[in-house]
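Reader: Please take one part of this model and look at it closely. Then set that part in its wider context.

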There are 2 protein chains.
Amino acid sequence: MINIIRLSGLYAPTLKEVPSDAELASHRLLLRAGMMRKMGSGLYSFLPLGMRVLDKVRAIVEEEMDAIGAQKIVMPILQPAELWHESGRWEAYGPELMRIVDRHDANFCLGPTHEEIITALVRNELRSYKQLPLSLYQTQVKYRDEIRPRFGLMRSREFVMKDAYSFHATQESLQRTYDDMSGAYGRIMDRLGLQWRAVEADSGQIGGKVTCEFMALAEAGEAEIAHCPCGFAADAEAAECLCEPTLHDVPALERVHTPGVRTIAELAAFLGIPATSTVKALSGKDAEGALTVLFVPGDHELNDLKALQAVPGFTLLNDDEMSTFGLHKGSMGPVGLPEGARVVADRSLQAVASWVVGANEDDYHYVGARPGEHFEVSQWADLCQVRPGDRCPSCGLPLQGARGIEVGQVFQLGTRYSEALNATFMDEDGAERPFLMGCYGVGVTRAMAAVVEQCHDEQGIVWPSSVAPAQVCVIPLTVGDDLVQPAAERLAAELADLGIEVAIDDRSERAGVKFNDADLIGWPIQVVLGKRGLQAGTVEVKHRRTGARKDVALTSVAEAISFAHRAARTGAVSPDVYHLMFE
Amino acid sequence: MINIIRLSGLYAPTLKEVPSDAELASHRLLLRAGMMRKMGSGLYSFLPLGMRVLDKVRAIVEEEMDAIGAQKIVMPILQPAELWHESGRWEAYGPELMRIVDRHDANFCLGPTHEEIITALVRNELRSYKQLPLSLYQTQVKYRDEIRPRFGLMRSREFVMKDAYSFHATQESLQRTYDDMSGAYGRIMDRLGLQWRAVEADSGQIGGKVTCEFMALAEAGEAEIAHCPCGFAADAEAAECLCEPTLHDVPALERVHTPGVRTIAELAAFLGIPATSTVKALSGKDAEGALTVLFVPGDHELNDLKALQAVPGFTLLNDDEMSTFGLHKGSMGPVGLPEGARVVADRSLQAVASWVVGANEDDYHYVGARPGEHFEVSQWADLCQVRPGDRCPSCGLPLQGARGIEVGQVFQLGTRYSEALNATFMDEDGAERPFLMGCYGVGVTRAMAAVVEQCHDEQGIVWPSSVAPAQVCVIPLTVGDDLVQPAAERLAAELADLGIEVAIDDRSERAGVKFNDADLIGWPIQVVLGKRGLQAGTVEVKHRRTGARKDVALTSVAEAISFAHRAARTGAVSPDVYHLMFE
């Protein structure tokens, strides 16, 4: 890398205006700070400062892969359709797969992921259990034809991923590499300066059994997370729900006239009880079309995936179907359901002896409806979407809620692809067996956006030192004079000699413009050189993250920054310890 | 990078068999050495050792770009068709442009080059002459839908290029950057260890005026080069031809019966004169369809591009057209041509007073045909393809011939793209003017193949130290014993500590297998550790390039290699000075 970045010649056009279609902070700020530009829907160019950040994110990811013995390769972006037919994903992947026909009418796709091609790469050459385990990784451009690309780098159509694949003879070996990868992913998140959680997740398109997502915590995230100080964290879609409905204890079944009451909120208000004491009913059909009514605590929502797991083929009824079955929307309950209707209830309701429910008649509800006495529950199951305040499945304390950006994911694929593509090895007994496989991805461009989502303020980006385009920006308040500019140049050179990446704002701009741009671009440390200070032998050092300022002697400022920088690189938990300079 | 490469776990399957479709040494050897694999027609994966080489080539190219102040960016591979319509290349580029339609029926191409997109990137943001000059570069994957991909990395469909673009207010500024880039390209070729020539070239598809190709000299090259010890070098297609036909002096025009003579060789043999004393005729039509006959010295070929330049629209006649005009194939000449036929002759024939030519009658030729007396030449022009032995246009000495692989090319584009895409800046007078532009490309994957073409022998690849997957391979002849393996491990660690990249062949393979693989893969230095040598305190060092071997004390071998390695890195012309160890 170049040692000193001169802003006078740098192509980093900053913008005052916020682009109108940029909803997220990362999208707005990367555009405004002159780090990237949109070239088409979901297509971006990275300008020099953005490129430096991207290269650093990539280097951190690759270093952690090398450190666990994964071997770097690169595979084509353009992938022959034949391989995707072999895996069955050519059709299954749908319109997000970008397809292309060459001049000889052969079909290809632009790879969104590389399971097929890496399986084809090793089959016939990785032949013996003695060559296993093997982990290969690449950093490559990927494609997903999003129906509505948006949020800048968060959902672009062309993006950079690090994807790794591992091959194993045994489940133990797969588990070991999966654990190694998970450890490396944690270190990557730490080195990127991210607040993160590793969450249990669903495997989606890739199709494996054990999987975990590495989420950067951010309001802008698309994923909902439930987590606990004990360390537990899960995708809210996938987490087990341990909620505690409360008992509204009445001695006998009582039919209450509830005129106009349709919702749980209205019912709770009418009866003067908490929503947690009510029970919500959801009517649907099972795979055979039989009426199935699900019951969950009134303050919780049904989780669709769990409903499907409990009742295979479950679909909610629409209004017409409800009428056909003689059901009353807004006052359904377990007592007096049509003949043959099946009742499935959330496990948490097992502890509730007396339910508040609809009476299957408009404007009427029951209190004191007792399972086993007034109605039968044919199945208890985990049905609810987890909420903040539910008990942690690991330690029992109340869960916290958060939103997250999926930066990385690890999967145990098993033999899904090796069987489909007939990729086998000879095991110790001489038998041909399909590989066990794992795959492991980090969204490199998305990680960059996630860092900005976590690290910004009103003024602009606040880069962690590990991925900042440079650690320090030297700002001479005047250029072309005898005192300030030469001092700034000498200081920049001194910092560069100490191994610190330095920018110098040698533009003939007003001080205000330079300060605004420095805050917008987000250099971790700014060193401001003015005439008056220099006459007294001092410069002002500003810590971008905290806004702390301090006058430091010109003669010692480089050494002080270098000390904080070295401390940051030698294993402190947070990669930015420049604040030590201000204490 | 990882410090020690362990061959026991490395994914580098070497092949004994030569893949049948691999015609070139680079193609064969990169496959055989386990450095790359074919994934489809013109599509390759790079395995770990090939990846290391590719990363090194890329790093050398990028370092030289950074050193001349070019700024690194990256632009999308997927390019909107609109931009190519603006430049007029969407149609003009033809079937080599890979086109793709997205889910919303919008058209894109996979960029073979990025003139359009970079011009769109800077227009409206690069606004003032004060921001100029500016040089931007990227290393990106490119596409060309070759009708018949072949020769491995030499003509693949997906390949890696470093492409740079510069923007200028004046021609002087463009020339300065063009010169800087040319200098950087020379240093890149040197650092890759290539024998090369910078040759004058034709600008092809890109469409500029001043251009130069950086050719790696190699028999496998597709380009013909004419060069001279004085420093002159040109693409044989583009070079001025200064040839010297010889005079067959006869006093008067004489019609000679030449039964069966059709070719120049037959004519020269029949008359007992050198081919240089004969004159070859080529009949064609000009843009209006008028008969035009071109004459060149008998030992030279017509250069089609020069013919077009001399006679706009020139096309050769086919046999039917020749009959229609009453011409006799194999005995055409300037005397007695059909009425109105135009005679255009190579300039070199101006010095030849008496020509040996066809008589426009089967089995008859003329000797002593004198221009100005027996026929008229209406135009003298440079028509010939240059040949080794022709005079150098620069110094007059005989030219040498060579074949080359085009690794890099630099162009002065002028305003070709800035005008088409309406990319302008405000000059010092306040006038809007289109940028002057330059563009500069290096084929990164092709450079890797070019290195192998120059650096290989019967046994395999001979990597220059600068791009070798590692500089040294330590080969313990036995593994698992008390003496050899621990000594090898210690030596590898010692070399790594000295900053040298080391591989260790810790596989349980026979010595012969290890030697063959080491030669095939092409580590510059092999250090062989055997029991007998170690008992005497020595190891054998082998220099891959020269095959030289030497016994060196185990205690001093690391320091000796390190010395040669440091010498190589501190500016010697050749990046490989390990041979010093063997003197």
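Author: First, a term: contact means heavy atoms within 4.5 Å. Helices (H or I, at least four residues) and strands (E, at least two) are DSSP runs, numbered from the N terminus. Buried means under 20% relative accessible area, with a 1.4 Å probe and protein chains only.

This is a predicted model, in which local features need pLDDT of at least 70, side-chain atom pairs count only at pLDDT 80 or more, and totals for chains, interfaces and linings use all residues. Residues are numbered from 1 along each chain as its sequence is written, chains are lettered from A and ligands numbered from 1 in the order in which they are written, and side-chain values use heavy atoms, leaving out hydrogens and water.

The part is helix H13 of chain A, residues 511–521. Its buried residues are Lys514(A), Asp517(A), Ala518(A), Asp519(A), Leu520(A) and Ile521(A). Just after H13(A) comes Gly522(A), with a positive phi of about 90°.

Now the chain around it. Chain A holds 15 helices and 32 strands. Its C-alpha trace spans about 95 × 65 × 45 Å along the principal axes. Chain A has 583 residues, and 58% of them count as buried. Take the contacts between residues at least 6 apart in sequence: 70% join residues at least 24 apart. Charges come next, with Lys and Arg counted as positive, Asp and Glu as negative, and His and the chain ends not counted. Chain A carries 56 positive and 80 negative side chains. Each charge is placed at NZ of Lys, CZ of Arg, CG of Asp or CD of Glu. The centres of the two sets lie 7 Å apart.

Last, the partner chain. The same surface serves both copies, as 100% of the contact residues of chain B recur in chain A. In the interface, 54 residues of chain B are in contact with 54 residues of chain A.

Note on methods. Buried means under 20% relative accessible area, exposed over 50%, partly exposed in between (1.4 Å probe, protein chains only).
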